[in-house]
Amino acid sequence: MKTSKLSIRLLWYITPLVILPLLFLGGFTLTNVTSSTQKQAELIVSRFVEQQQQKMFNYIDSFHSTTKLLSTSPVLSDFLADDLRDSGNYTRRLGALMDVFASYSEAYPDIVSVNLISPNGQSDAYYSSNLNTAPTSYPFFSQVLQSNLRQQQFMVQKQDGTTSLYFIQRIYSADYYLKRPQQLGFIVVHVEPSILNTSILEAPYNNTLNLLLTNNGKILFSSDYDKRGQYISEYELEQIHKLADLGKLSTIELSSIDKVERMIYAIQMSGGYYYVSTIPKALLYQSGKAISLITALIVIISVITLPMLIFIVVRNLLLNPIELLGAASHRVGDGDLSVYLPAHNNDEVGVLFNDFNHMVNQIRHYQDELEEYKHHLEDKVESRTKALETMNSQLEVAIAQAEQANQLKSRFLANMSHEIRTPLTAIMGFTEQLLHSNKTSGDALHLSTILRNSKHLLELINNILDLSKIEAEKLAVEKEPLDIVQLVHDIDSIIRPLSQEKKLNCNINFHLPLPRIINSDGTRLKQILINIASNAVKFTEQGLISLDITYDSDSQLIEFAIQDSGIGMSEHEVERVFKPFEQADATTTRRFGGTGLGLCISKNLAQLLGGDVYVQSTLGKGSCFSVQIACNLATNSDFPPVMLTEQSQLAPEKDLQLSFAQNSFDANILVAEDNPDNQVLIKLLLQTWGLEPDIANNGAEAVEMALVNDYQLIIMDMQMPVMGGLEATQMLRHAAYDGPIIALTANVMKHDVNTYLQAGCDEALAKPIDKDALESVLVSYLNIEKDTQNKWDNLLNSERFQQINNDYRSKLPDYLTQVTQLHSANEWEQLRVLAHSLKGSAGCFGFNNIHHAAAALEDNLRGRDQSRRDYLALSLIESIKYTLQQEPLTEL
């Protein structure tokens, strides 16, 4: 009786807990099956519409890029030149332009025509793949004239229901001295949109209707061809606009199309067009009704049978044994350890009874052990807790370090972008002065300044490419001998022209005595002084700029004090002046420009050089920046530092960077180079020093000749047929050749150079060949003497060099044919090898546009980015064509 009462009591508790969730689940399923079906359909349709939108966007964007590339064609620029008709070259240039239009039409079959329109709407050049004549006007041309956009697109539907795309690109003159470029006309590309037609016909469900609407409700594209050209009502169009804003699947009846109630998903595209995908509602909910009926049947059967099963199972299998076990447990709890449960079936309950009996018999024997286990468990928990706390701390530190590293990397790259502009200012300024000056007295000085700043710019770029410095936040500084007089002379040659442009006085004051030579990083110190001095000129409208150089023998610090009579700063502005990305206020930024990085960079670099930067300023009266740098003079009393004590010692020494070889030298040199043009050029350069090199056409020949003859120096190209330079160098080193091997390569990334050095090369020279680098190698390994620049200039102007240059130019049509054929056949690997060869050879002969285009194509083909391959290949083809159209130079 007792067991029956417990069974009924438990049944009253358990049955509602089982039945109520079933009823709730059934009702929830029945009421929400439609919503789930709609959400599933919304997910499928939204993904489908987004995919179609992305496909259309990529298709349209590709033709935007093609139109932009066409507008920058050198052939088009020549055609639009002011002297076109006067020069008598109109027919020839028009034919060249039509060839370019035809090449684009062949590369992109969807292009129907290309039209060059003048600013007044007249067609100047028209090409059509179906040989049609140029249209007299376009329906959208008035909108083009009213808009200020450089690129536009329009969709125009024809009478037969098909729709065409038109891409318009404005063309401006390339005169950078004008404040506002002159508009030369428009490029109009007519495209038959095959991809758009295909995308409209795709569908996620049967009976799906896809539409592409204009902003006024006209159907441009439709999966039902008969619907094209029709208009939907204003009410339906307004509903579609709302759905596009919400981005949800909703029910609308499109009475303008048919009387069927549809689920519609709409999305707005660029240009005011709408992409709409519709599904019949009855089709969408057909499967949901079947699910509802099955769910209702399952719920009813479960509600009837489940309570009966629960009653039987609970009573026979659980309640009776549990009640018996509960009574025995109560007795044990009262201290009665004589309890013994009767034998039960051989199931889990029987095992439980046996374990209970065994527990009662052994409970006293295990009490001490349980206490010990409890203590041991507490120790384990404590140990594991400490381990988890340590791991969490390490994880927090790692996350903080990762975030800090990322911030430091971004900050470093931002700083480098600012640093690069400083030497570029000097290079561009002196170059412009040379171009516009008829005087030649200062040309050598200006060229020397340009060369020094170019090398300074190269050093900065190399630091950007050194990724290990970015990751480790280690911007290393050098300690090399630095001539103070030459340093100040370099700074003066850059700052004084800037001061003269603003009619400012520029004074340099040496406070003697000063050490002539200090040990520091000349590049970084020059960077600091140029940053601060150029700021002084920028923020000073009238008055003077002065640089005072002072030496403190006690602290061995040299101080450069830059004083100006500019706008000055308040105390609050002085506190913020060394923070990154900050200037005095927004007015300063708008008036003088800049990113606010220069002083922050200068202060950090000065601290790395063992000093600091300080500032004193009065608002409206000017500022004084003091740069203190450690001299790092030798402490050996036997050789005291050389001091400047007289004004006569303040003249800079002769610039040694503009040098060339004077005396001939008898040395055996081997040049391994597969390109015949480069062979002739390198041989001509070496002959200037009186050196007659032997030539090897590949690495295998180089190894054979080097093992037979005694060469004092080997110049080895790294990429050659049969055997490359890397393998040849390794083989020579294994064969005990110990002479210097100089790598010659167009790949000068840091990891590439390290690979060549590890293989056994002593130095690495870059293509195009740099005269200073080649001279430095010959001086280092052959002990030749240096002289003036005259022989280098004579070499470049010599008849022999011009003949070599013209011979290379005559081969450009063959290179053009090879590039075009490889691009058309998608032979990317062979095209990469050809681009590498062109990158090195074209740069050596001064064809920089071909050099840069080939370098960009080679870098792309080395990676996995396939989206820009065609663009870069066409750019290389256009560069070669443009070079061939130019008149050959008689002098270099």
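# Exercises on a predicted model

V722 sits in the loop that runs between strand 23 (713-717) and helix 19. The structure is a predicted model: local features need pLDDT of at least 70, side-chain atom pairs count only at pLDDT 80 or more, and totals for chains, interfaces and linings use all residues. Residues are numbered from 1 along each chain as its sequence is written, and side-chain values use heavy atoms, with hydrogens and water left out. Helices (H or I, at least four residues) and strands (E, at least two) are DSSP runs, numbered from the N terminus.

## Exercise 1: backbone exceptions

Describe the phi values of V722 and N826, and the peptide bond that joins L512 and P513.

Solution. 
1. The background is that most residues other than glycine have a negative phi, and most peptide bonds are trans.
2. V722 is not a glycine, yet its phi is positive, near 65 degrees. With a relative accessible area of 72%, V722 is exposed (buried means under 20% relative accessible area, exposed over 50%, partly exposed in between, with a 1.4 Å probe and protein chains only).
3. N826 has a positive phi near 55 degrees. N826 is in the loop between helix 24 (812-824) and helix 25 (828-844), and at 48% relative accessibility it counts as partly exposed.
4. The bond between L512 and P513 is cis, with omega about 0 degrees. P513 belongs to the loop between strand 12 (505-510) and strand 13 (514-515).

## Exercise 2: helix 6

Solution. 
1. The expected span of a helix is 1.5 Å times one less than its number of residues.
2. The buried residues are E236, L237, I240, L243 and A244. They cover an arc of only 120 degrees around the axis, so they are on the same side of helix 6; the arc is that of the directions from the helix axis to the C-beta atoms.
3. On the other side of helix 6, the exposed residues are E234, Y235, D245 and L246.
4. After helix 6 comes G247, with a positive phi near 70 degrees.

## Exercise 3: helix 8

Apply the span check to helix 8 (residues 348-362) and locate its buried residues.

Solution. 
1. Helix 8 has 15 residues, which should span 21 Å at 1.5 Å a residue; the end C-alpha atoms are 21 Å apart, in agreement.
2. V349, G350, F353, F356, N357 and V360 are buried. Viewed down the axis of helix 8, these residues fall within an arc of 120 degrees, so they line one face of the helix.

## Exercise 4: a helix pair

How do helix 19 and helix 20 lie relative to each other?

Solution. 
1. Helix 19 (residues 725-734) and helix 20 (residues 750-759) pack at an angle of about 25 degrees, and their axes are 9 Å apart. Axes are lines fitted to C-alpha atoms, for helices over the stretch in contact, and angles run from 0 to 180 degrees between N-to-C directions.
2. The two helices are therefore roughly parallel to each other; the class covers angles under 35 degrees, while over 145 is roughly antiparallel, 65 to 115 roughly perpendicular and the rest oblique.
3. Helix 19 makes the contact through L726, T729, Q730 and R733, and helix 20 through T755, Y756 and A759.

## Exercise 5: the interior

Identify the core residues that touch the most other members of the largest nonpolar core, and describe the surroundings of I549.

Solution. 
1. Of the 892 residues in the chain, 42% are buried. A nonpolar core is a set of buried Ala, Val, Leu, Ile, Met, Phe, Trp, Tyr and Cys residues joined through side-chain atoms within 4.5 Å.
2. The largest core has 66 residues, of which L116, M155, Y275, L838 and L876 touch the most other members. Its largest share, nine residues, comes from helix 1 (residues 2-71).
3. A second, separate core has 44 residues, including I491, I494, L633 and L644.
4. I549 is in strand 15 (residues 544-552) and is buried at 0% relative accessibility.
5. I549 and F510 are 39 residues apart in sequence but 5.1 Å apart in space, C-alpha to C-alpha.
6. Neighbours within four places in sequence aside, the contacts of I549 include V488, I508, F510 and F560.

Conventions: Contact = heavy atoms within 4.5 Å.
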